Structure formats: structure tokens, C-alpha cells
Amino acid sequence: MSTDKIVVDAADICCASCGIAEVDDIKMMENDACDLVKYCSDKCQQDHRPQHETMCKERVAELRDEILFRQPETSHMGECPICFLPLPLDHQKSVMQSCCGKVICHGCGYANLLREREEHVDHTCPFCRHPNPKNMEESNKNKMKRVEKNDPVAIREIGKKHYQKGEYQIAFEYLTKAADLGDASAHHHLSIMYQKGEGVEKDEKKELFHLVEAAIAGHPNARYNLAVNEERNGRCDRSIKHFIIAANLGHDGSIQALKGCYKHGDVSKEDFAGALRAHYAAVNATKSPQRGAAEKYLAQNAHRIVYNYLFRDHSLASTAQPIAPQLSKLYLLQAGPPPGR
Ligand SMILES: [Zn+2]
Ligand SMILES: [Zn+2]
Ligand SMILES: [Zn+2]
Ligand SMILES: [Zn+2]
């Protein structure tokens with residue numbers, strides 16, 4: 001152990017190529033991809049490349065894995081900015097407000113609705129109090145304003161809209177911009193486009209790059225896909241590590257996959273039990289009485305919400321998309337008369 005320490009110290013203060021030590025007028029450059037060596041000049045770095053290249057690549061991969069297999073504290077969804085509870089992984093259980101770009105849980109949306117009914121006031125955004133958009137057009141206008149402000153969430157949402165319409169080129173541009181701004185969902189979406197070859201050439205390397213970026217930012221579906229990829233390539237230990245991290249974030253598919261691994265004896269009893277506990281805790285943390293009440297309300301008023309949805313936006317109603325899952329997102333709180341009355 002003491003020998004290791006000496007090597008590290010020497011690398012800190014000496015050029016790995018010419019061996020010159022760091023003193024007042026000789027500074028080492030911090031430009032190598034790994035953390036094992038330093039050089040006094042570009043020339044020294046180039047001279048040393050043949051000797052160092054293999055070791056460097058291995059170390060860079062090691063450093064990348066350290067980041068990749070770190071457990072993210074929260075999922076990419078983050079928390080609701082009103083109740084501060086983690087948002088459910090299911091996108092249908094929260095709404096992105098087109099006005100401020102905030103993603104609000106149904107519990108807070110529902111509480112807002114009850115208050116408005118009691119006070120007989122118009123419906124506004126539960127977060128910023130901006131008047132609710134009257135139709136899809138207005139909602140899109142709001143989103144475009146957010147896009148101009150470089151809001152990654154709005155940019156991604158516009159990208160996804162184009163994607164749903166099959167406009168892959170434009171979708172790709174928006175999603176790339178959102179991904180560059182660090183949006184995990186945009187990275188995940190881009191991985192799908194590279195996998196299917198939608199608007200781009202199929203490219204497994206790029207697919208994996210975007211999956212890794214999304215997974216690091218806490219996207220459980222992306223991590224699940226990475227796990228499946230590792231499994232396919234026979235790297236079972238890496239696959240299980242991914243499944244455990246995603247399960248710890250409350251991802252159902254990953255805990256199911258781990259069940260299978262446990263049956264086959266690929267994962268230890270302790271690891272599996274730990275994942276089960278963490279998965280349960282993560283799912284539970286997204287629940288609250290307020291969210292439960294909103295879910296009940298939604299289930300009971302589904303027909304009214306469908307009616308309002310169709311009534312308000314015919315252009316959308318005619319698309320082949322399944323309507324129901326979209327509804328809660330847009331018109332959760334717009335109960336009106338049921339159809340046929
Ligand atoms: Zn040197
Ligand atoms: Zn290196
Ligand atoms: Zn909330
Ligand atoms: Zn708002």
C-alpha cells in the first residue's frame with residue numbers, strides 16, 4: 001500500500017515522460033484524459049503516448065464506470081416544486097405547466113382545483129399563477145416562449161411533439177438541444193431514435209452514449225435498457241448493478257428483472273432483499289394523501305375529462321394516439337358535463 005502512495009505522489013509532481021519535477025518555474029499540465037499522469041509539455045505527452053495509451057484507456061473507462069455506477073440520489077423526475085415530494089416515475093402522474101415549465105404532481109394540481117372552486121376563481125397554474133391555457137394552441141405558444149428562454153424541459157416537450165407526428169428531423173434537433181442542456185429524458189429519447197434509426201442512421205455507439213448520459217442523470221428506463229444490453233453481451237455482473245440502481249429509484253421493471261436473476265442464483269439474497277426494500281421505500285416516498293385523493297378523482301371523472309378533451313381540441317382527438325393517458329396531463333382539472341348531456 002505504501003508503494004502505491006509513493007507512485008501517486010511522484011505522478012503528481014513529475015512529468016511522466018521526461019521525469020522533470022514540478023518546481024516554481026516548471027508547472028505540470030492537467031490535460032491528460034486520465035488521472036494517472038501529468039506532463040510538463042504537449043511534446044512530452046505526445047512522446048509518452050505509445051507507452052501510456054493502453055493504461056490510459058483502461059483508467060478512463062474505470063473513471064467513467066465510477067460515475068456510471070454511482071447511485072443517483074433522485075430519479076431524473078426530481079421533486080414537485082410545491083409539495084417537495086419526489087415525483088412518480090410514471091409521467092402520467094404529473095403535469096408540465098406550459099407557462100413556467102414546472103412539473104407539478106397531480107396531488108398539488110388537485111388541491112389547487114379544490115381551492116379555486118371554493119373561492120370561485122379562474123383556473124391558474126398551481127405554481128406561478130399564470131392563467132391556464134384555453135386550448136392547445138395557447139399551450140404551445142407558452143411552450144415556445146419557454147423554448148426561447150432555453151428551458152430544456154420545454155425544448156424536449158416540443159421535440160417529443162414533433163416525434164409523435166413522425167417529424168423525426170425536427171424532433172432530433174430539439175431533443176439534441178435539450179440533451180446538450182442536460183435533460184435526461186431527451187438523452188433517453190435520442191437513444192431510442194438511434195436504436196430505431198428514426199431521422200438518423202442506426203448507431204449503437206450513439207444509442208449507448210445517450211443511454212449512459214440519461215442513466216447517470218437518474219433515468220431508470222435508460223438504466224434498465226443498459227442492463228438488458230449488458231445481459232445480452234454476457235456481462236451479468238454489470239447488468240445486475242444497473243438493475244439494482246434502477247430498482248432503488250423505484251423502477252418496477254428492474255425489480256421484476258432482479259426477481260428473475262435471484263431465481264437463477266445470479267444475485268445474492270442480501271442484494272435482492274436490499275433492492276426490494278429500497279424499491280418499496282422509493283415508491284412509497286412518491287405517495288401522499290393528497291396524491292391519493294387526486295388519483296381517485298381522476299378515476300371517477302375520466303369520462304368528463306375525455307369529453308372536455310374531445311370538445312376542446314378536435315385536431316388532437318383525431319390522432320391515432322391512445323387518448324386516455326394524455327388526458328390527465330392536459331385537462332386533469334377541467335371537469336365538465338359528461339358526453340350526451
Ligand atoms: Zn516532460
Ligand atoms: Zn492518461
Ligand atoms: Zn406536489
Ligand atoms: Zn406556471
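These legends describe close-up views of a predicted model.

**View 1. Helices α10 and α11 pack against each other.** Helix α10 covers residues 236-248, and helix α11 covers residues 252-263. Their axes lie 8 Å apart, at an angle of about 135°. The crossing of α10 past α11 is left-handed. On the α10 side, the contact is made by Ile 240, Phe 243, Ile 244, Ala 246 and Ala 247. On the α11 side, Ser 254, Ile 255, Ala 257, Leu 258 and Cys 261 take part. By class, nine of these residues are nonpolar, one is polar and none is charged.

**View 2. Helices α3 and α13 form another packed pair.** Helix α3 runs over residues 106-119 and helix α13 over residues 289-300. The angle is about 75°, with the axes 7 Å apart. The two helices are therefore roughly perpendicular to each other. His 106, Gly 107, Gly 109, Tyr 110 and Ala 111 make the contact from α3. From α13 come Gln 290, Arg 291, Ala 293, Ala 294, Glu 295, Tyr 297 and Leu 298. Six residues of this contact are nonpolar, four polar and two charged.

**View 3. The largest nonpolar core has 25 residues.** Ile 155, Tyr 174, Leu 175, Ala 178 and Leu 190 touch the most other members. Two or more residues come from each of β1 (94-96), β2 (103-105), α5 (152-164), α6 (168-180) and α7 (184-196). Helix α6 gives the most, with six residues. Leu 175 touches Arg 156, Gly 159, Ala 186, His 189 and Leu 190, leaving aside residues up to four places away in sequence.

**View 4. A second, separate core holds 23 residues.** Among them are Ala 184, Ala 215, Ile 244 and Ala 275. Ile 244 also belongs to the contact that α10 makes with α11.

**View 5. Phe 84 has a positive phi without being glycine.** Its phi is near 60°. Phe 84 sits in the loop between α2 (42-68) and β1. Phe 84 counts as exposed because it has 8 C-beta neighbours inside 10 Å.

**View 6. His 120 is another non-glycine residue with positive phi.** Here phi is near 55°. His 120 lies in the loop between α3 and α4 (136-148). With 6 other C-beta atoms within 10 Å, His 120 is exposed; the cut-off for that class is 12 or fewer.

Methods. Residues are numbered from 1 along each chain as its sequence is written. Chains are lettered from A and ligands numbered from 1 in the order in which they are written. This is a predicted model: local features need pLDDT of at least 70, side-chain atom pairs count only at pLDDT 80 or more; totals for chains, interfaces and linings use all residues. Axes are lines fitted to C-alpha atoms, for helices over the stretch in contact, and angles run from 0 to 180 degrees between N-to-C directions. Helices (H or I, at least four residues) and strands (E, at least two) are DSSP runs, numbered from the N terminus. A crossing is left-handed if the near helix is turned anticlockwise from the far one by less than a right angle, and right-handed if clockwise. Two residues are in contact if their C-beta atoms, placed from the backbone, lie within 7 Å. Ala, Val, Leu, Ile, Met, Phe, Trp, Tyr, Cys and Pro count as nonpolar, Asp, Glu, Lys and Arg as charged, and the others, Gly among them, as polar. A nonpolar core is a set of buried Ala, Val, Leu, Ile, Met, Phe, Trp, Tyr and Cys residues joined through C-beta atoms within 7 Å. A residue is buried if 20 or more other C-beta atoms lie within 10 Å of its own, exposed if 12 or fewer, and partly exposed in between; C-beta atoms are placed from the backbone. Angles under 35 degrees count as roughly parallel, over 145 as roughly antiparallel, 65 to 115 as roughly perpendicular and the rest as oblique.
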